[in-house]
Each structure stands twice: as C-alpha cells, then as structure tokens.
Amino acid sequence: MLATLFHPGLTDCRRLFLRNYEVQINIGVHDFEKKGEQRVLINVDLFIPLALSTPKADQLEEVVDYDFMRSSIARRMAEGHIHLQETLCDDVARAMLAHPKVRAVRVSTEKPDVYPDCDSVGVEVFHVKEL
C-alpha cells in the first residue's frame, strides 16, 4: 500500500497517522471467537489537504485532532460484535471519511494472536473521496 502515498489526488496533503492502536474486541465468525474478546491492532492514515490543515495561529481547531481517530474507533467498538475484519476496516474508513477535512484514508486491522507461526492476519483498505 506504499503506492497510496503517490496517488495523484494526495500530492497536496499531509498525512496523520495512528499506529498499532490496540483494542480488545469481540470479533470473529467462529463460536469460540464469539465468547470472548480478541486483541486487534488498528492502523489509520488520514490524508488532509494542506490548505485545510496548515495552522496559522497554532490552534488545535485549525487541524484534524488525533482524538478524532481514537474516538471514532471507540464508537465503532461500542456497537458490539463484529464478524469480519473487512467489516471493521470498512466501518472505520467510512467514519474517518465523514470528517469534512479528510480527503483519503488508509485503514488496516490485524489479529496478532490467531496463529502461533505468524505475526498476524489482517485486512487493509484505502479510500479517496470523490472530488
């Protein structure tokens, strides 16, 4: 997904990111997954036009607050069980794109505890708003 950095619609953007945000959520399609929470790592990249995110007075209101990413994810987590990581990724991406300053988003989720012989299994999506 490094190619997303070279998307022509993002050349005038800055990138905000949230790395390895660890949450405990009830996710999965198997019966044993529905009985308890699993550890999931969430990564988010937001692409914000410089014209909408370059502070002139060094004030938080001039930029997209990092808290927006964490609080949006927390609201999705509070909705309850999720069957698929694909659903989680799409829901988080949709919430991020709802912010009026966000032009594009990359979201990935990883389950690090599924298999003992690999670091994680996961899903990644990239969306750009229609201009």
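Which residues does Lys111 touch, not counting residues up to four places away in sequence? In this predicted model, Lys111 touches Ile27, Gly28, Glu33, Gln38, Arg39, Val40, Gln85, Ser120 and Val121 on that basis.

**Lys111**

- Lys111 belongs to strand S3, which covers residues 104-111.
- Its relative accessible area is 9%, so Lys111 is buried, the limit for that class being under 20%.
- The side chains of Lys111 and Glu33 are joined by a polar contact of 3.1 Å.

**The largest pocket**

- The largest pocket holds about 260 Å³ of space.
- It is lined by 15 residues, and those closest to its centre are His30, Glu33, Gln38, Lys111 and Val114.
- Helix H1 (31-34) and helix H4 are the elements that give two or more residues to this lining.

**Helix H4**

- Helix H4 runs over residues 85-97 and contains 13 residues.
- At 1.5 Å a residue, H4 should span 18 Å; the C-alpha atoms at its ends are 18 Å apart, so the two values agree.
- The buried residues of H4 are Gln85, Leu88, Cys89, Asp91, Val92, Ala93, Met96 and Leu97.

**Val125**

- Val125 is located in strand S4.
- With a relative accessible area of 14%, Val125 is buried, because this value is under 20%.
- The C-alpha atoms of Val125 and Cys89 are separated by 6.7 Å, although these residues are 36 residues apart along the chain.
- Cys89 is one of the buried residues of H4.

**The aromatic pair**

- The structure contains one aromatic pair.
- The ring centres of Phe47 and Phe126 are 6.2 Å apart and their planes stand at 85°, so the pair is edge-to-face, a class that requires an angle over 60 degrees.
- The pair links distant parts of the chain, since Phe47 lies in strand S2 (residues 38-49) and Phe126 in strand S4 (residues 121-128), 79 residues apart.
- Phe47 counts as buried because its relative accessibility is 4%, under the 20% limit.
- Phe126 has 22% relative accessibility and therefore counts as partly exposed, the class between 20% and 50%.

Notes
Residues are numbered from 1 along each chain as its sequence is written. This is a predicted model: local features need pLDDT of at least 70, side-chain atom pairs count only at pLDDT 80 or more; totals for chains, interfaces and linings use all residues. Side-chain values use heavy atoms; hydrogens and water are left out. Rings of Phe, Tyr and Trp (its six-membered ring) pair if their centres lie within 6.5 Å; planes under 30 degrees apart count as stacked, over 60 as edge-to-face and the rest as tilted. Helices (H or I, at least four residues) and strands (E, at least two) are DSSP runs, numbered from the N terminus. Buried means under 20% relative accessible area, exposed over 50%, partly exposed in between (1.4 Å probe, protein chains only). A polar contact is a pair of N or O atoms within 3.5 Å; within protein, one must be able to donate a hydrogen and the other to accept it, and residues adjacent in sequence count only if both atoms are side-chain atoms. Contact means heavy atoms within 4.5 Å. The expected span of a helix is 1.5 Å times one less than its number of residues. On a 1 Å grid over the protein atoms alone, a cavity is a set of points where a 1.4 Å probe fits but cannot get out, and a pocket is an open set with protein on both sides within 12 Å along at least five of seven lines; lining residues have an atom within 4 Å of a point. Grid points are joined across faces, edges and corners, and a volume is the space filled by probe spheres set on the points.
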